[in-house]
There are 2 protein chains.
Amino acid sequence: MKTLIVVAHPKIDDSSSQAFFKAGAKLVEDATWHPLVEPFDVLEERALLMEADRIILQFPLYWYQAPSSLPKWLNEVWSVDFASHLQGKQLAVVLTLGRQLQDYQPGAAVGVTLSDLLSPYVALANTCNMTWVPPLIVAQFARMTEAQRQSLLIRYQQFLSLPDTHFQTISQWWVDQLSKRPEATQIAETLKERQAHLASLRQSVKEAQGDE
Amino acid sequence: MKTLIVVAHPKIDDSSSQAFFKAGAKLVEDATWHPLVEPFDVLEERALLMEADRIILQFPLYWYQAPSSLPKWLNEVWSVDFASHLQGKQLAVVLTLGRQLQDYQPGAAVGVTLSDLLSPYVALANTCNMTWVPPLIVAQFARMTEAQRQSLLIRYQQFLSLPDTHFQTISQWWVDQLSKRPEATQIAETLKERQAHLASLRQSVKEAQGDE
């Protein structure tokens with residue numbers, strides 16, 4: 001699966017979270033890190049979009065909206081005619097928040113939900129006949145512990161590379177990752193055996209249900 | 001009440017709806033028509049905002065978001081520190097749509113609601129301690145009949161000048177408008193008499209309730 005990461009951030013070089021994601025994306029085959037830089041070369045931008053299977057829009061919220069480069073890019077690059085070439089592709093968002101998650105609720109400080117705020121992108125997916133992938137939300141990156149960041153790195157890499165979030169897909173991802181490291185092949189083997197065991201248990205359950 | 005109309009539209013001179021609104025705003029005392037033109041003079045923009053009692057953000061939707069000049073303006077002009085000067089003011093949106101209203105429903109073409117799409121502005125009002133005024137939504141201006149446009153012109157002028165939408169406020173607006181025209185003073189007089197009659201009926205009802 002080819003993934004295009006369209007990053008909209010006016011001060012991307014000063015952003016520790018974007019530097020973190022950039023390093024994470026580098027480790028993923030078939031993921032292209034693409035920060036928006038004006039002016040846009042419309043044909044080049046469109047070529048990148050056409051190549052991708054999953055298009056990720058990645059941005060922080062400024063006053064509850066994406067930075068202006070994103071609507072500008074959408075308006076210039078993503079014309080209604082061109083959008084027909086994108087149907088069937090996946091659309092996803094990686095959102096970074098300075099505020100804590102619980103502020104985005106009715107009655108809380110912001111008072112609206114993240115689903116509300118992401119609705120323009122859901123509508124974009126709907127009208128372009130793209131598949132909307134549930135977003136990856138990262139709140140208060142600056143306050144994360146080292147362990148939380150390690151966990152986020154894994155979630156981000158999976159978000160870039162996995163077609164879905166089924167248990168078997170994630171489990172297979174771990175086998176692939178661990179097999180690449182000589183010191184972890186034993187763990188990968190054990191995991192593989194357990195996958196096989198689980199698959200055979202599933203088969204038995206299925207047969208038992210069939211007998212009923 | 002002083003009203004500032006912040007218009008975000010990349011091709012404002014080609015827009016028949018914005019030309020229509022501009023003409024309407026001219027007839028309203030204390031309403032300032034202010035199209036966004038980059039680059040922004042931050043101090044001038046802030047002075048305009050400080051003077052206003054009601055701040056109206058007026059824009060079309062491009063891919064379900066405001067044109068990029070609006071988030072850019074918010075980001076440059078409307079800093080978190082400055083926002084404290086805006087508390088207590090009213091915030092409103094005038095939204096123009098190319099699509100028909102019924103497209104903005106779950107299951108319809110766009111699949112999300114206009115409340116969803118306007119949520120960034122509700123959140124802005126919430127966190128700046130401003131009063132959110134229900135928006136004026138104008139769908140498919142180009143297809144409106146002359147009668148519909150006349151009705152819209154009135155609704156727009158009321159939206160710019162009335163502090164609320166109570167029946168009495170709107171009724172008084174009509175008296176004021178008609179009194180300005182020599183040919184309509186008789187109608188204004190009749191309306192005034194009926195207002196007085198209604199007020200006395202209200203008083204009677206109140207007293208009757210007090211007797212219970």
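Author: In sorting lining residues by class, Ala, Val, Leu, Ile, Met, Phe, Trp, Tyr, Cys and Pro count as nonpolar, Asp, Glu, Lys and Arg as charged, and the others, Gly among them, as polar. By that scheme the lining of the largest pocket holds 15 nonpolar, 14 polar and three charged residues. The model is predicted, so that local features need pLDDT of at least 70 and side-chain atom pairs count only at pLDDT 80 or more, while totals for chains, interfaces and linings use all residues. Residues are numbered from 1 along each chain as its sequence is written, chains are lettered from A and ligands numbered from 1 in the order in which they are written, and side-chain values use heavy atoms, with hydrogens and water left out.

The largest pocket has a volume of about 790 Å³ (on a 1 Å grid over the protein atoms alone, a pocket is an open set of points where a 1.4 Å probe fits, with protein on both sides within 12 Å along at least five of seven lines, and lining residues have an atom within 4 Å of a point; the volume is the space filled by probe spheres set on the points, which are joined across faces, edges and corners). Of its 32 lining residues, A:Leu61, A:Tyr62, A:Trp63, A:Gly98 and A:Arg99 are the closest to the centre. Both chains contribute elements to this lining, since at least two residues each come from helix 1 (16-26) and strand 4 (90-97) of chain A and from helix 3 (69-77) and helix 4 (80-83) of chain B (helices, H or I with at least four residues, and strands, E with at least two, are DSSP runs numbered from the N terminus). Helix 1 of chain A gives the most, with three residues.

The second largest pocket, with a volume of about 650 Å³, is lined by 28 residues, and those nearest its centre are B:Leu61, B:Tyr62, B:Leu97, B:Gly98 and B:Arg99. Two or more residues of that lining come from each of helix 4 (80-83) of chain A, helix 1 (16-26) of chain B and strand 4 (90-97) of chain B. Its classes are 14 nonpolar, 13 polar and one charged.
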